[in-house]
Amino acid sequence: MMGVVWSLLGILSGAFIAIQAPINSQLARGLGLPVAAAAFSFLSGAVVLGIISVIVVKLQGISLDWKAPAPWLFVAGGMLGGFYVTLSTILTPRIGAAALMAFLVAGQLLAGMLIDRVGFLGVAVREISLGRVAGAVLLLAGALLVRLF
């Protein structure tokens, strides 16, 4: 049962990404600068997540161990997210939300296969099989079909 719930939450997260792209593109048009739109998107998200974190820490009676993660982890995810949001903001009005989402998923799959293969940051190692390669090729073909037709 929980597997179904997690899968549905994954679908919901994907929908949020699709909805976020045109919102940020509209914000960029209004501001006149895609990077500024991405910055304000991140700022608002950071404020909301900061508030939620404080509430959860208080409710669960836990404390955050600020010394445990490697220092570069504090910036790496945000930096990658900043590139993602900025590029999505620029690409959505040019190629459309559906094509952008198709290419995003294809890129995520390709990166995910590489991450699995090398066991990046402790991810369980999984070989790149013929089935996985075939799935990636089909996904790329699907992305191209969404973009071109």
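Reader: At what angle do the axes of H1 and H2 cross?

Author: This is a predicted model, in which local features need pLDDT of at least 70 and side-chain atom pairs count only at pLDDT 80 or more, while totals for chains, interfaces and linings use all residues. Residues are numbered from 1 along each chain as its sequence is written, and side-chain values use heavy atoms, leaving out hydrogens and water. Helices here are DSSP runs (H or I, at least four residues), numbered from the N terminus. The axes of H1 and H2 (lines fitted to C-alpha atoms over the stretch in contact, with angles from 0 to 180 degrees between N-to-C directions) come within 8 Å, and their crossing angle is roughly 125°.

Reader: Which word describes how H1 and H2 lie to each other?

Author: Angles under 35 degrees count as roughly parallel, over 145 as roughly antiparallel and 65 to 115 as roughly perpendicular, with the rest called oblique. With the crossing at roughly 125°, H1 and H2 are therefore oblique.

Reader: Which element has the highest mean pLDDT?

Author: The whole protein averages a pLDDT (the predictor's confidence in each residue, from 0 to 100) of 93, and 100% of the residues score at least 70. Among the elements, H1 (residues 2-31) has the lowest mean, 92. At the other end, with 95 for residues 34-60, is helix H2.

Methods
Helices (H or I, at least four residues) and strands (E, at least two) are DSSP runs, numbered from the N terminus.
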